[in-house]
Amino acid sequence: MLRSSDQIFACGFEIFGKVQGVRLRKQTRDLATMNHVRGWVMNTDEGTVKGQLEGTLPKVNELKFWLLNFGSPRSIIERAEFTPTMEIPAHTFNGFTIRYHPNQIGQLDL
């Protein structure tokens with residue numbers, strides 16, 4: 001049986017509000033990387049930011065709390081939706097990345 005510190009959990013998220021063009025993706029990636037959370041984040045055509053988180057339950061919950069209550073300094077979070085956090089047998093991502101929609105290439109907000 002895995003120790004709780006070895007268990008891996010995953011969930012998806014979508015953040016609504018003023019969340020594009022405010023460095024939310026970059027700061028999500030930076031916080032996730034600092035906390036050893038893997039996954040991805042991207043802008044959507046609907047004006048939201050969505051992604052996937054994988055890590056220990058305390059670290060995934062920390063990222064969820066930050067996305068729901070804080071975000072980047074210039075963002076205005078109106079609502080955050082999360083899929084149920086589920087235990088998974090192994091990581092499916094090697095790190096945490098920013099994904100780009102094909103029509104965003106050339107308009108990067110690094």
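Let me start with Asn-35: leaving out residues up to four places away in sequence, Asn-35 touches Lys-59, Glu-62 and Leu-63. Keep in mind that this is a predicted model.

Where does Asn-35 sit? Asn-35 is in the loop that runs between helix 1, residues 24-34, and strand 2, residues 38-43. Is Asn-35 buried or exposed? Its relative accessibility is 8%, and buried means under 20%, so Asn-35 counts as buried. The side chain of Asn-35 also reaches back to Leu-31, where the backbone oxygen is 2.9 Å away.

Now the charged residues. There are four salt bridges in the structure, and I will go through some of them.

In helix 1, Lys-26 and Asp-30 lie four residues apart, which is about one turn of the helix. Lys-26 and Asp-30 form a salt bridge, and their closest N and O atoms are 2.7 Å apart. Asp-30 has another partner, Arg-29, with 3.5 Å between the closest N and O atoms. Lys-26, Arg-29 and Asp-30 are therefore linked in a network of salt bridges.

How accessible are these residues? Lys-26 has 24% relative accessibility and counts as partly exposed. Arg-29, at 25%, is partly exposed, and Asp-30, at 30%, is partly exposed too.

One more salt bridge joins Glu-81 to Arg-79, with the closest N and O atoms 3.0 Å apart. Glu-81 is partly exposed at 39% relative accessibility, and Arg-79 is partly exposed at 42%.

To recap: Asn-35 is buried, and Lys-26, Arg-29 and Asp-30 form a salt-bridge network.

Terms used
Residues are numbered from 1 along each chain as its sequence is written. This is a predicted model: local features need pLDDT of at least 70, side-chain atom pairs count only at pLDDT 80 or more; totals for chains, interfaces and linings use all residues. Side-chain values use heavy atoms; hydrogens and water are left out. Helices (H or I, at least four residues) and strands (E, at least two) are DSSP runs, numbered from the N terminus. Buried means under 20% relative accessible area, exposed over 50%, partly exposed in between (1.4 Å probe, protein chains only). A polar contact is a pair of N or O atoms within 3.5 Å; within protein, one must be able to donate a hydrogen and the other to accept it, and residues adjacent in sequence count only if both atoms are side-chain atoms. Contact means heavy atoms within 4.5 Å. A salt bridge is a side-chain nitrogen of Lys or Arg within 4 Å of a carboxyl oxygen of Asp or Glu.
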